[in-house]
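Subject: Structure handover

Dear colleague,

Please find the structure below, with the sequence. My notes on it follow.

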Amino acid sequence: MCPKMSLIPTIFTVLCVLSVRASVGFAADGPAPPVGNFTLNDTKGNPCFLLSVGVTFQVEYELKDDTTWTATYVLPRNSTVSGDCGEYEATMALSFFKGFNLTISFENRNDRKFAIASASVGYVRDPKLFPNAASPGTAANEEKTDGQSPFKTALGKSYLCKSLQVFDIGSTVKLGVVQLQVQPFKVKGMNFSEASECPQDPPSSKMPIQDAKTFPALNTTADTIVASKRKENAENLTTMN
């Protein structure tokens with residue numbers, strides 16, 4: 001349902017309907033999010049967790065008229081990295097905007113393989129990303145700790161999947177993940193180890209992502225997709241940084 005506004009022009013109504021249809025799922029051939037390259041260092045300053053990924057967030061929220069809408073935004077390439085590397089568990093938290101974050105934890109399993117232990121998404125219902133929200137400015141957090149453990153990979157290797165993968169986080173958040181390569185354990189230097197490739201990738205696309213250094217964002221505005229299709233929201237997005 002489109003947000004209720006007074007005196008809505010006909011053209012806005014058309015764009016709104018189109019955006020609703022586009023937000024109900026992730027299209028493999030749709031616009032790709034920017035790929036960020038993130039490195040977490042241990043207490044000695046050595047790389048211990050490497051991640052390269054592009055992420056699109058879709059967050060369902062309530063409007064003032066008791067209907068629902070979907071906010072859509074992406075993970076900026078200049079997100080702040082924090083976390084902890086342990087022998088049996090490693091966590092990376094990526095923070096961006098004001099109060100937004102994506103946190104993933106991996107566990108070193110008894111079968112000498114690693115897999116995701118949990119994932120969480122934190123966000124704030126800022127009017128620029130969540131127009132006409134019933135509870136504007138409030139914070140929320142969704143977490144996933146049950147179900148299958150994705151990205152199961154042998155220790156000493158990295159997990160690689162360029163294809164689109166979609167994950168539910170809690171009851172209101174969906175993540176569209178592309179160009180993923182991750183190694184949370186047994187990192188040697190700044191490069192990923194040999195990759196364990198996902199079955200979704202065709203043979204021609206199975207090429208490793210070489211460097212895990214964090215690249216500065218060239219344009220924060222271009223790194224963000226705003227749920228509201230109104231032009232002024234997109235132009236004001238950089239004010240959140």
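A residue is called buried here when its relative accessible area is under 20%, exposed when that area is over 50%, and partly exposed in between, with a 1.4 Å probe and protein chains only. By that rule Gly189 is partly exposed, because its relative accessibility is 41%.

Two notes on the source. This is a predicted model, in which local features need pLDDT of at least 70 and side-chain atom pairs count only at pLDDT 80 or more, while totals for chains, interfaces and linings use all residues. Residues are numbered from 1 along each chain as its sequence is written, and side-chain values use heavy atoms, with hydrogens and water left out.

The chain as a whole

The chain has two helices and 13 strands; these are DSSP runs, helices being H or I with at least four residues and strands E with at least two, numbered from the N terminus. Of its 241 residues, 45% are buried. The accessible surface is about 12300 Å², and carbon and sulfur atoms hold 51% of it (Shrake-Rupley method, 1.4 Å probe; for residues, only the protein chains shown count as cover). Among contacts in the chain with a separation of 6 or more, 59% are between residues 24 or more positions apart, where contact means heavy atoms within 4.5 Å.

Two residues and their contacts

Gly189 sits in the loop between β12 and β13 (195-197). Its C-alpha atom is 6.2 Å from that of Pro47, although 142 residues separate the two along the chain. Apart from neighbours within four places in sequence, Gly189 is in contact with Pro47 and Leu50.

Val173 belongs to strand β12 and is buried, because its relative accessible area is 1%. Outside the four places on either side in sequence, Val173 contacts Gln58, Val59, Val121, Tyr123, Glu142, Phe167 and Asp168.

Backbone and side-chain details

Two residues other than glycine have a positive phi. Phe97 has a phi of about 50 degrees; this residue is in the loop between β5 (89-96) and β6 and counts as buried, at 12% relative accessibility. Gln179 has a phi near 50 degrees, but lies in strand β12 and is partly exposed, at 29%.

Thr67, in the loop between β2 and β3 (68-74), is buried, with a relative accessible area of 19%. Its side chain makes a polar contact of 2.5 Å with that of Asp65 (a pair of N or O atoms within 3.5 Å; within protein, one must be able to donate a hydrogen and the other to accept it, and residues adjacent in sequence count only if both atoms are side-chain atoms).

The second largest pocket

The second largest pocket is lined by 25 residues, and Ile104, Ile116, Ala119, Pro150 and Phe151 are those nearest its centre. By class, the lining has 17 nonpolar, five polar and three charged residues. The strands β2 (47-62), β6 (100-108), β7 (113-124), β11 (165-169) and β12 (173-183) each give at least two residues to this lining.

Regards

Terms used: On a 1 Å grid over the protein atoms alone, a cavity is a set of points where a 1.4 Å probe fits but cannot get out, and a pocket is an open set with protein on both sides within 12 Å along at least five of seven lines; lining residues have an atom within 4 Å of a point. Ala, Val, Leu, Ile, Met, Phe, Trp, Tyr, Cys and Pro count as nonpolar, Asp, Glu, Lys and Arg as charged, and the others, Gly among them, as polar.
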